[in-house]
Amino acid sequence: MRPFHYDKPATATDAVTNFRPGAQYFAGGTTMVDLMKLDVMKPARLIDISGLEKGRYDFIKWSGKSLRIGALTPMTKLADDDKVRARVPMLSDALWLAASPQIRNMARIGGNVLQRTRCPYFRDTSYEQCNKRKPGSGCAALDGGVTRHHAVLGTSDKCIATYPGDFAQALVALDAVVEILGEDGPRSLRFADLHVLPEARPDRETTLAPSDLIIAFSIEDADFPRSKYLKIRDRESYAYALASTASALRMDGNTIADVRLGLGGVATTPWRAREAEAALRGGPATEAQFARAADIAFAGASTTDENAFKVELGKRTMVRSLLETARMEG
Amino acid sequence: MADRSPSFDQVSRRGLIKGGVAGAAVTSVQAKAQVRGGAENTAAEPTVQRVPITLDINGQHRELTVDTRSTLLDVLRHDLELTGSKKGCDHGQCGACTVHLDGTRTLSCLTLAVQAEGKAVTTIEGLGSPDNLHPMQRAFVDNDAFQCGYCTPGQIMSGVACITEGHAGSDAEIREYMSGNLCRCAAYPNIVAAVKQARGEMEG
């Protein structure tokens with residue numbers, strides 16, 4: 001690992017105002033330390049935000065049907081929260097189905113949404129080509145690489161790396177808002193506008209400035225007791241999704257009054273299936289309707305020989321998640 | 001520095017390995033210095049930073065100075081010679097390095113030692129002793145829950161946490177909440193049996 005300077009500011013304001021180019025915030029370190037050992041991330045300075053203001057950013061607060069969660073809340077704490085489990089099980093599912101208990105104890109939800117792709121060509125610096133790691137160098141995955149785990153939605157001719165997380169799919173489905181402290185003070189951003197498609201510049205993954213610090217997520221209407229996160233993977237536990245669906249339903253009799261769909265394991269960013277949602281709203285909650293919506297969700301898929309299976313797997317995952325959600329009590 | 005000195009009078013196998021690694025490191029630093037001595041060496045690269053930290057290791061107060069790059073695992077194994085915690089993958093994928101940090105199971109290979117400042121660390125050495133095994137250690141022996149034994153310290157630290165967290169309610173729950181600890185010998189059925197046995201003793 002390369003040498004770096006370690007800072008532990010007392011407050012969020014100190015962290016942001018003393019930020020210098022080449023620095024990186026980190027809390028749990030589960031992505032940062034891993035990628036520094038691999039020489040993929042090379043910060044000159046690490047700013048340890050894990051203990052900012054004695055837990056001020058580690059909270060879960062309900063106000064009516066609104067939910068606000070501090071960015072330094074450990075994954076475990078949110079996953080095991082009884083009220084979150086009862087009122088919006090999708091959020092809890094997306095956390096306990098991710099990583100391992102040890103990693104969930106360490107990782108905080110703010111860093112979780114910024115975790116980096118598991119694309120092997122991004123993680124292994126012996127590959128010269130990676131537009132995400134080394135802009136303009138090409139893409140070893142597209143240039144004859146092994147692509148079984150790569151994305152089929154939101155890809156570009158520069159990058160097909162999959163967004164690896166689970167929690168972000170629930171946040172994007174729930175219309176979450178990101179609360180940020182930046183150099184010009186506090187501001188907020190729709191979660192859907194946090195991540196950006198790879199397009200021509202896969203190295204740019206979010207709309208954040210380097211000194212921007214995520215301090216909380218807020219969800220104005222988080223009351224979705226009829227919601228779940230279904231994750232399909234190569235092994236039963238402790239693996240990244242091959243395909244996943246965060247689904248939520250609100251029923252008016254037999255009619256779908258509201259539906260939310262976030263897709264994981266198949267896309268380059270946390271993926272909201274808005275057109276599929278529109279096709280379902282106001283209609284019946286039947287398997288035929290769900291299958292039609294799944295076709296719409298994957299209509300724009302772009303595949304390689306090795307990851308073409310993800311289109312069918314993604315559709316089936318979405319249909320099954322919706323069927324199981326419909327059977328829940330709302 | 002370390003109060004657990006090697007118990008052999010002759011040079012230990014670990015000592016030889018450490019000497020060999022140190023020798024290799026010197027060679028590589030010299031090679032690098034020659035390269036960096038050239039005209040290209042203009043960028044202001046950060047220099048090595050060493051910081052003093054205080055840790056409570058298995059109930060003992062310890063003060064030491066660490067390179068900011070040192071992981072808690074490396075400090076435990078190399079500086080403090082507590083070699084029970086194992087380095088498997090060194091990337092948070094296998095769980096062999098699991099320790100408890102302020103009572104919470106944590107991967108010591110992905111924790112920078114500076115981040116453990118002021119915290120209480122419990123390693124396998126602090127759990128029980130050969131004469132007085134922790135119920136989880138006894139359960140691993142009773143159930144033959146290991147073969148090569150390399151993953152065992154991490155499995156045991158994780159197994160204890162699995163019970164104290166309240167995630168050992170059924171075989172399926174034990175398997176899910178022990179999934180961060182890989183065992184290449186695949187002693188998994190016996191590990192589940194050991195956690196169940198220890199659960200009875202720890203809760204009873």
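Helices (H or I, at least four residues) and strands (E, at least two) are DSSP runs numbered from the N terminus. The model is predicted, with local features requiring pLDDT of at least 70 and side-chain atom pairs pLDDT 80 or more, while totals for chains, interfaces and linings use all residues. Residues are numbered from 1 along each chain as its sequence is written, and chains are lettered from A in the order in which they are written.

Select residues 1–224 of chain A, whose end C-alpha atoms lie 44 Å apart and whose span is 23% helix and 17% strand; an unreviewed UniProt entry annotates this span as "domain: FAD-binding PCMH-type", although such annotations may be inferred rather than shown by experiment.

Next, pick Leu171(A), which, neighbours within four places in sequence aside, is in contact (C-beta atoms, placed from the backbone, within 7 Å) with Val113(A), Ala176(A), Phe191(A) and Phe217(A).

Then turn to the side of chain A that touches chain B: the contact takes 21 residues from chain A and 25 residues from chain B. Strand E1 (5–7), helix H2 (32–37) and helix H6 (101–106) of chain A each supply at least two residues of that side, and H6(A) gives the largest share, five residues.

Finally, display chain B, which has six helices and five strands, arranged from the N terminus as α-β-β-α-β-β-β-α-α-α-α. Of its 204 residues, 37% are buried, meaning that 20 or more other C-beta atoms, placed from the backbone, lie within 10 Å of a residue's own. Among the contacts in chain B with a separation of 6 or more, 58% join residues 24 or more positions apart.

Notes. Two residues are in contact if their C-beta atoms, placed from the backbone, lie within 7 Å. A residue is buried if 20 or more other C-beta atoms lie within 10 Å of its own, exposed if 12 or fewer, and partly exposed in between; C-beta atoms are placed from the backbone.
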